[in-house]
Amino acid sequence: MVQNCCFLCNQSRVFPAVIRENLITMQNYVYQNRDDALRAKVGQFELGVCPDCGFANNKKFNSSLLSYDENYDNSVPSAIFTTYYQEIATFLHQTYTLDNQLVIDVGCGKGSFLKVLTDLYPQVRGLGIDPSYEGDLCISKNSNSSNLHFIQDIFKQEYVTEQPALVICRHVLEHIPQPTNFLKSIHTALSGFPNTPFFFEVPDLSWILDNQAFWDFCYEHCNYFTTDSFRVTLESSGFNVEETRRVFGDQYIWARGIISDIYNDTYQGNKNDINHFINKVKTYTNTENKLVSKMSERLRKLKSQNINIAIWGMATKGVIFVNLVDPEAQLIDWCIDINQKKQNCFVPHTGHQISSPEILSQSKEADLVIIVMNPNYLDEIKLMCHNLLLNPKFIDANGKDI
Ligand SMILES: [Zn+2]
């Protein structure tokens with residue numbers, strides 16, 4: 001039974017919006033052979049949206065369908081992404097006193113952000129905590145001592161043994177079925193260190209809606225935040241927000257502030273903004289099927305003109321996209337990703353093979369269209385094509401020339 005009660009504000013007018021009957025559950029799982037990929041698990045997705053606070057989550061989320069192991073890989077080895085990490089690291093170092101202090105990254109993944117932060121600022125000490133972390137538990141970034149430590153576990157109070165200068169939590173809250181409970185556990189763990197600053201980041205649902213990005217709803221993300229609902233979630237859990245910003249081409253939102261004893265249950269966001277957002281959700285939901293079929297039709301037409309089709313970017317966006325527009329793997333010639341661990345592997349559920357950019361040289365006799373899954377990487381992709389002596393036409397995932 002789908003409940004109509006909002007998990008965040010307890011109002012009971014939650015309505016169903018985006019629905020997927022069979023959504024692959026782990027789009028970043030790497031399959032070494034096609035048969036295993038074709039048997040990839042699928043789950044139900046029903047985005048319930050609360051018109052009172054704007055909180056949105058998958059009402060049919062079942063965490064038992066997810067299992068993270070060594071074949072899971074959501075890394076993006078792009079210079080654009082590293083540049084983004086450097087920008088955040090610089091901002092944080094300018095905003096807070098971090099030298100010779102401890103920065104804790106809750107849910108640090110492979111520790112990429114902490115590594116960038118301590119590369120740029122070797123005087124900062126970092127502690128990353130994540131059950132999926134693999135790698136050295138101790139890394140030295142300055143000559144004096146190890147200043148980067150990792151713990152392969154879920155976040156626990158016992159791991160906080162001194163006052164941190166900053167607690168970071170990036171791209172975690174969208175994965176947690178009970179985000180306020182999770183936030184409260186961080187709050188409790190830091191109760192001995194009052195007024196600790198925090199910096200949290202999540203994807204922005206408004207960007208998905210504004211850009212009609214039907215490929216951006218994924219099973220791994222059970223929660224979908226706007227600036228307003230992100231703020232409500234934080235404030236009601238004792239995280240007092242001082243500033244929010246939309247970043248990374250507006251695809252992400254970050255919030256920073258102070259972890260305090262004030263639980264602001266009354267903060268409800270701006271009513272006009274929420275109403276505007278709800279109208280946006282309804283408009284998007286009504287047009288979504290047309291968007292998917294229009295893109296499939298576009299690809300079918302290109303195919304009939306003997307034009308080669310490649311898709312670039314087989315992380316979340318590319319994998320969901322091919323599952324929606326080319327589920328039988330009949331239209332797209334090549335799926336490209338620069339992550340070497342994904343190359344020669346297979347897309348879950350459709351079985352498309354993932355290749356390195358070099359394979360596109362096979363298209364030289366034919367026209368080539370490249371669908372760029374994330375416009376933030378367009379310049380990098382164009383440069384790589386130029387180096388391969390390719391002159392393709394580039395379109396975005398809605399078929400627009402870019
Ligand atoms: Zn609500």
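These legends accompany several close-up views of a predicted model. In this predicted model, local features need pLDDT of at least 70 and side-chain atom pairs count only at pLDDT 80 or more, while totals for chains, interfaces and linings use all residues. Residues are numbered from 1 along each chain as its sequence is written.

**View A. Four strands, E1-E2-E3-E10, form an open sheet with antiparallel pairing.** Strands here are DSSP runs of E with at least two residues, helices are runs of H or I with at least four, and both are numbered from the N terminus. Two strands pair if DSSP finds at least two bridges between them. The edges belong to E1 (15-24) and E10 (223-224), each of which pairs on one side only. Look inside the sheet for E2 (residues 42-49) and E3 (residues 56-58), joined in the antiparallel sense by three bridges. Leu47 stands opposite Asn58 of E3.

**View B. Helix H7 lies across E1 and E2.** The helix runs at about 45 degrees to E1; axes are lines fitted to C-alpha atoms, for helices over the stretch in contact, and angles run from 0 to 180 degrees between N-to-C directions. Contact means that two C-beta atoms, placed from the backbone, lie within 7 Å. Asn279 is part of H7. Asn279 counts as exposed because it has 10 other C-beta atoms within 10 Å (buried means 20 or more, exposed 12 or fewer, partly exposed in between, with C-beta atoms placed from the backbone). Pro51 is 228 residues away from Asn279 in sequence, yet their C-alpha atoms are 9.5 Å apart.

**View C. The largest nonpolar core has 110 residues.** Such a core is a set of buried Ala, Val, Leu, Ile, Met, Phe, Trp, Tyr and Cys residues joined through C-beta atoms within 7 Å. Helix H7 (residues 271-304) gives the most to this core, with seven residues. Among the residues with the most contacts inside the core are Val106, Trp312 and Phe321. Beyond its neighbours within four places in sequence, Phe321 touches Trp215, Ile311, Met373 and Ala397 by the contact criterion.

**View D. E16, helix H9 (residues 378-387) and E17 build a right-handed β-α-β unit.** Right-handed means that, with the strands pointing away from the viewer, the path from the first strand over the helix to the second runs clockwise. E16 (residues 368-372) and E17 (residues 393-396) pair in the parallel sense over four bridges. Val369 has Lys393 of E17 as its bridge partner.

**View E. Phe248 sits in the loop between E11 (239-247) and E12 (252-259).** Its phi is near 55 degrees, a positive value in a residue other than glycine. Phe248 is partly exposed, with 19 C-beta neighbours inside 10 Å.
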